[in-house]
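Here is my note on the model you sent. Please keep the sequence and the 3D view open while you read it.

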Amino acid sequence: MITTKADNRKRLVVPQAKPGQVYSVHDNGDGSFTLKAVEPKASSLPTCRLADEDGFRVAAPNQPINEPAIKELLADFP
């Protein structure tokens with residue numbers, strides 16, 4: 001069994017934890033709690049890179065642009 005003590009800022013040291021790892025805390029109701037490691041989700045945000053095109057710095061997407069989808073979205077735009 002491993003014991004640890006909370007500091008004055010309510011922080012605990014978990015020896016098995018990796019830097020940046022996220023845990024969910026479940027209160028068991030009897031004064032104890034359970035920590036469970038949470039797996040990071042894949043980013044749903046689009047990614048892009050900065051590129052120089054025709055003398056301008058532009059954001060170029062890392063995925064192809066779907067022209068029909070853009071036209072469909074713009075059709076709903078007032």
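The points below go through the strands, the segment before them, the salt bridges and a surface patch.

1. Basis of the note. This is a predicted model, in which local features need pLDDT of at least 70 and side-chain atom pairs count only at pLDDT 80 or more, while totals for chains, interfaces and linings use all residues. Residues are numbered from 1 along each chain as its sequence is written, and side-chain values use heavy atoms, with hydrogens and water left out.

2. Strand E1 covers residues 22–27 and strand E2 covers residues 33–38; helices (H or I, at least four residues) and strands (E, at least two) are DSSP runs, numbered from the N terminus. E1 and E2 pair in the antiparallel sense over 6 bridges, where pairing requires that DSSP finds at least two bridges between two strands. Tyr 23 stands opposite Ala 37, and Ser 24 has Lys 36 as its bridge partner. Between the two strands of this hairpin there are 5 residues, and Gly 29 in the turn has a positive phi of about 90°.

3. Exposure of E1. How many of the 6 residues of E1 are buried? The number is 0, so E1 lies largely in the open. Here buried means under 20% relative accessible area, exposed means over 50%, and partly exposed is in between (1.4 Å probe, protein chains only). Val 25, a residue of E1, counts as exposed at 59% relative accessibility.

4. The nonpolar patch. Val 25 also belongs to a nonpolar surface patch with Leu 12, Val 14, Phe 33 and Leu 35. Together they have about 420 Å² of accessible area, computed by the Shrake-Rupley method with a 1.4 Å probe, where for residues only the protein chains shown count as cover. Patches are made of residues with over 30% relative accessible area and no salt bridge; like charges are joined within 9 Å, and nonpolar side chains (Val, Leu, Ile, Met, Phe, Trp, Tyr) within 5 Å.

5. Thr 4. This residue is in the segment before E1 and is partly exposed, at 43% relative accessible area. Setting aside neighbours within four places in sequence, Thr 4 is in contact (heavy atoms within 4.5 Å) with Leu 12 and Val 13. A polar atom of the Thr 4 side chain lies 3.2 Å from the backbone oxygen of Val 13. The C-alpha atoms of Thr 4 and Pro 15 are separated by 9.3 Å, and the two residues are 11 apart along the chain.

6. Salt bridges. The structure holds 2 salt bridges, each defined by a side-chain nitrogen of Lys or Arg within 4 Å of a carboxyl oxygen of Asp or Glu. Asp 7 and Arg 11 meet at 2.8 Å, N to O; Asp 7 is partly exposed at 32%, and Arg 11 is partly exposed at 46%. Arg 57 and Asp 52 have their closest N and O atoms 3.1 Å apart. Arg 57 is exposed at 59%, and Asp 52 is exposed at 54%.

7. Positive phi values. Most residues other than glycine have a negative phi. Lys 10, in the segment before E1, has a positive phi near 65° and is exposed at 77%. Asp 54 has a positive phi of about 55°. Asp 54 sits in the loop between strand E3 (48–53) and strand E4 (56–61), and is exposed at 76%.

Terms used: A polar contact is a pair of N or O atoms within 3.5 Å; within protein, one must be able to donate a hydrogen and the other to accept it, and residues adjacent in sequence count only if both atoms are side-chain atoms.
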